[in-house]
Amino acid sequence: MDYTGLLSRYAAVPDTDRIADAVADARASAPENYTTDVYKACYGCIDLTSLNVTDSEAHIRQFAGKTVAFNDRFPGIPNVASICVFPNFVETVGLTVGDSGIKITSVSGGFPASQTFLEVKMLETAMAVESGADEVDIVINVGQMLAGQYDELASDVEILRREAGEETVFKVIIESGALQTPELIYKASLLAMFAGADFVKTSTGKIPVAATPEAAAAICIAIRDYFESTGRMVGFKAAGGVKTPQDAALYYTIVGRLLGPEWQTPQYFRIGASSAANNLLSAITGAEVNYY
């Protein structure tokens, strides 16, 4: 497919001033969302994440087990949207959560750098789904994006989309902190959507610059432009550096202001987080919580 040609149809690339205006608007509105109800909504949009070099089967079983027990411990608060782990722990999570209905997300595709053979990415993605992943988070090849190899990048993403299968929620990480400019973030988001992304995700959380409000605005503008052109709704996921309830509420506000309330649900809005879970629970309950 001529992905570069598709990009040419979206001429109104957002500049720095437009992004700054969008973020300023969201920051001004965000305090209205510093409420218990919004914090609950944000908690229910979390992909509860453990992607550490120290992860083990015992740790992941304990981590997932707390998520299964969450509703008994915190009635009236929606559980997280999913548990996100490395692909080799998908089966461990599945055995722990059983038929609880908790979704399993697996990173894949050579996470976090995407610098390996396409065949390896394909096999890893297929194995994650075969092991029980409901959702897969893959990473674009940032080197290709910076080099302007748009067709190669998007073709690889499309292949991984097919490996994941249409029933799997397919999230594409653009590593916005490495792309830096609104133009590249916007273009990478469009390429991900052209190639079949169900969500565009900011970051792996494995480089110094992760999610920022500015990157979120650029991605959401791309999602809006894509929706207006195609009629297909694509979700947004902020990951890396989302720690406080106010951080979560700001991203919730950006989504609401740029995309609308229909995007402010777990079907179209996610937060990749670990520490934010305890902090949101503390804000909701009014007492310090260290559940995870």
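Here is a quick tour of the cores, pockets and salt bridges in this structure.

This is a predicted model, so a local feature needs a pLDDT of at least 70 and side-chain atom pairs count only at pLDDT 80 or more, while totals for chains, interfaces and linings use all residues. Residues are numbered from 1 along each chain as its sequence is written, and side-chain values use heavy atoms, with hydrogens and water left out. Helices (H or I, at least four residues) and strands (E, at least two) are DSSP runs, numbered from the N terminus.

**Nonpolar cores**

- A nonpolar core is a set of buried Ala, Val, Leu, Ile, Met, Phe, Trp, Tyr and Cys residues joined through side-chain atoms within 4.5 Å. Buried means under 20% relative accessible area, exposed means over 50%, and partly exposed is in between (1.4 Å probe, protein chains only).
- The largest core has 96 residues, and Tyr 43 and Phe 236 touch the most other members. Helix 12 (residues 213-230) gives the most to this core, with 10 residues.
- A second, separate core has six residues, among them Val 107, Phe 111, Val 139 and Ile 173.
- In soluble globular proteins, nonpolar side chains tend to be buried together.

**Pockets**

- On a 1 Å grid over the protein atoms alone, a pocket is an open set of points where a 1.4 Å probe fits, with protein on both sides within 12 Å along at least five of seven lines; lining residues have an atom within 4 Å of a point. Grid points are joined across faces, edges and corners, and a volume is the space filled by probe spheres set on the points.
- The largest pocket holds about 410 Å³ of space. Its lining has 21 residues, with Thr 49, Gly 240, Gly 272, Ala 273 and Ser 274 nearest the centre. Helix 4 (57-68) and strand 8 (269-273) each give two or more residues to that lining.
- By class, the lining of the largest pocket has seven nonpolar, 11 polar and three charged residues. Ala, Val, Leu, Ile, Met, Phe, Trp, Tyr, Cys and Pro count as nonpolar, Asp, Glu, Lys and Arg as charged, and the others, Gly among them, as polar.
- The second largest pocket holds about 170 Å³. Of its 15 lining residues, Gln 180, Ile 185, Thr 212, Glu 214 and Ala 215 lie nearest the centre.
- Eight nonpolar, six polar and one charged residues make up the lining of the second largest pocket.

**Salt bridges**

- There are 14 salt bridges in the structure, each a side-chain nitrogen of Lys or Arg within 4 Å of a carboxyl oxygen of Asp or Glu.
- Glu 57 and Arg 61 pair up at 3.6 Å, N to O. Both sit in helix 4, four residues apart, about one turn of the helix. Glu 57 is partly exposed at 44% relative accessibility, and Arg 61 is partly exposed at 42%.
- Lys 171 and Glu 135 meet at 2.7 Å, N to O. This pair links distant parts of the chain, strand 5 (residues 169-173) and strand 4 (residues 135-139), 36 residues apart. Lys 171 counts as buried because its relative accessibility is 0%, and Glu 135 is buried at 3%.
- Lys 171 and Glu 135 also belong to a network of salt bridges with Asp 47, Asp 137, Lys 201, Lys 237 and Arg 270.
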